[in-house]
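Here is a friendly walk through a structure, taken one feature at a time. Please keep the viewer open as you read.

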Amino acid sequence: MSPDELVEKLNTIKSSLTQFEQLLNNRIYLSCESENCFEINKFLFQELKARFVIATAIDCEQYFEILYHYSYDQTGCVINLKCFIRDHENPQVESITPLIPAAEWIEREMHDLEGIEFNNHPCMERLILADDWPEGEYPLRKDWNHEKEI
Amino acid sequence: MNWKIWSLKKSPWVFHVNTGACNNCDIEVVNCLTPKFDVERFGVTLVGSPRHADALLVTGVVTAQAAPRLIQAYQQATKPCVVFSIGACACGTGIFHTGYHVVGPVDKIIKEIDPNAIIAYVPGCPPKPEAMISGIVKTLNAL
């Protein structure tokens, strides 16, 4: 698939995106709301056959962002999907692990550090925090007090 | 001289404890044992269990998960036991000082259970193998 065909194919899901941006030939930025997140990931992974690189979560104080990074290796194009979770009190999103098993550990890590719930995750257990770390303390959240003794 | 100290200085067996290091110091510790630096010619040899060790080479800030393990390794080591804090993190937590998971540095954790522990510091990020050899020689001469 040529770079133009890739953009054309991405245009078919434009209705579920909130933003579509191509700043460079090999960088495409997509944004979506958390409800459409799973469908778009499914499209990128199964229809487009893009390679899942990693996901990252950011606490933006009013909302959470999850960035899914995909690479389309045929043309070397990197696709970044930015998924907004508007509910800061109770952040929830559909897990992509049933679709992409490689995402299991990064979702567990995001759950540990940012407290994002991943629905339908097959094994949501603690991954990187200490065994005696208290429940409900998420150290990478912006409002977490770093002076606190744990 | 105490015969225990005499035998320790003759051939200190070391056990390597990683308490949350980034692996950089660990690579340099292994480097010490390779033919170029070859600390084995001074009788320093790496052993697989703290029960066989006269010295602990501790690398890394002590994380909340690793602290009980470090205490356990120290308690199992034969006394007198020299604790070497290898690297900036082990000596004083370094750049990870405000990290949420940091409970160290090494001397704080060791002194909680044994106030008279012998602790040697080898700073550096990572310390050169020459620095580690120098640290070991200086410590053994000071005993």
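The report below covers the model itself, then helices, a hairpin, the chain contact and some backbone details.

## About the model

This is a predicted model, in which local features need pLDDT of at least 70 and side-chain atom pairs count only at pLDDT 80 or more, while totals for chains, interfaces and linings use all residues. Residues are numbered from 1 along each chain as its sequence is written, and chains are lettered from A and ligands numbered from 1 in the order in which they are written.

Let's begin with α3 (residues 67-76) and α5 (residues 106-113) of chain B, whose axes come within 10 Å and cross at roughly 55 degrees. Helices here are DSSP runs of H or I with at least four residues, strands are E runs of at least two, and both are numbered from the N terminus. Axes are lines fitted to C-alpha atoms, for helices over the stretch in contact, with angles from 0 to 180 degrees between N-to-C directions. α3(B) and α5(B) are therefore oblique to each other; angles under 35 degrees count as roughly parallel, over 145 as roughly antiparallel, 65 to 115 as roughly perpendicular and the rest as oblique. On the α3(B) side, the contact is made by Ala67(B), Leu70(B), Ile71(B) and Tyr74(B), and on the α5(B) side by Ile109(B), Ile110(B) and Ile113(B). Contact means that C-beta atoms, placed from the backbone, lie within 7 Å. By class, the contact of α3(B) with α5(B) has 7 nonpolar residues, with no polar and no charged ones. Nonpolar covers Ala, Val, Leu, Ile, Met, Phe, Trp, Tyr, Cys and Pro; charged covers Asp, Glu, Lys and Arg; the others, Gly among them, are polar.

## A hairpin in chain A

In chain A, strands β3 (residues 51-59) and β4 (residues 64-72) run antiparallel and are joined by 8 bridges; strands pair if DSSP finds at least two bridges between them. Asp59(A) stands opposite Phe64(A) of β4(A). The two strands form a hairpin with 4 residues between them, and Glu61(A) in the turn has a positive phi of about 70 degrees.

## Where the chains meet

How many residues of chain A are in contact with chain B? There are 5 residues of chain A, in contact with 6 residues of chain B. The chain A side divides into 3 nonpolar, 1 polar and 1 charged.

## Backbone details to look for

Chain B has a cis peptide bond between Lys79(B) and Pro80(B), with omega about 5 degrees. Pro80(B) sits in the loop between α3 and β4 (82-86). The peptide bond from Cys125(B) to Pro126(B) is also cis, with omega near -10 degrees, and Pro126(B) is in the loop between β5 (118-122) and α6 (129-142).

Asn120(A) is not a glycine, yet has a positive phi of about 65 degrees. Asn120(A) lies in the segment after β7 (117-119) of chain A and is exposed, with 11 other C-beta atoms within 10 Å. A residue is buried with 20 or more such atoms, exposed with 12 or fewer, and partly exposed in between, with C-beta atoms placed from the backbone.

Definitions and conventions: Two residues are in contact if their C-beta atoms, placed from the backbone, lie within 7 Å.
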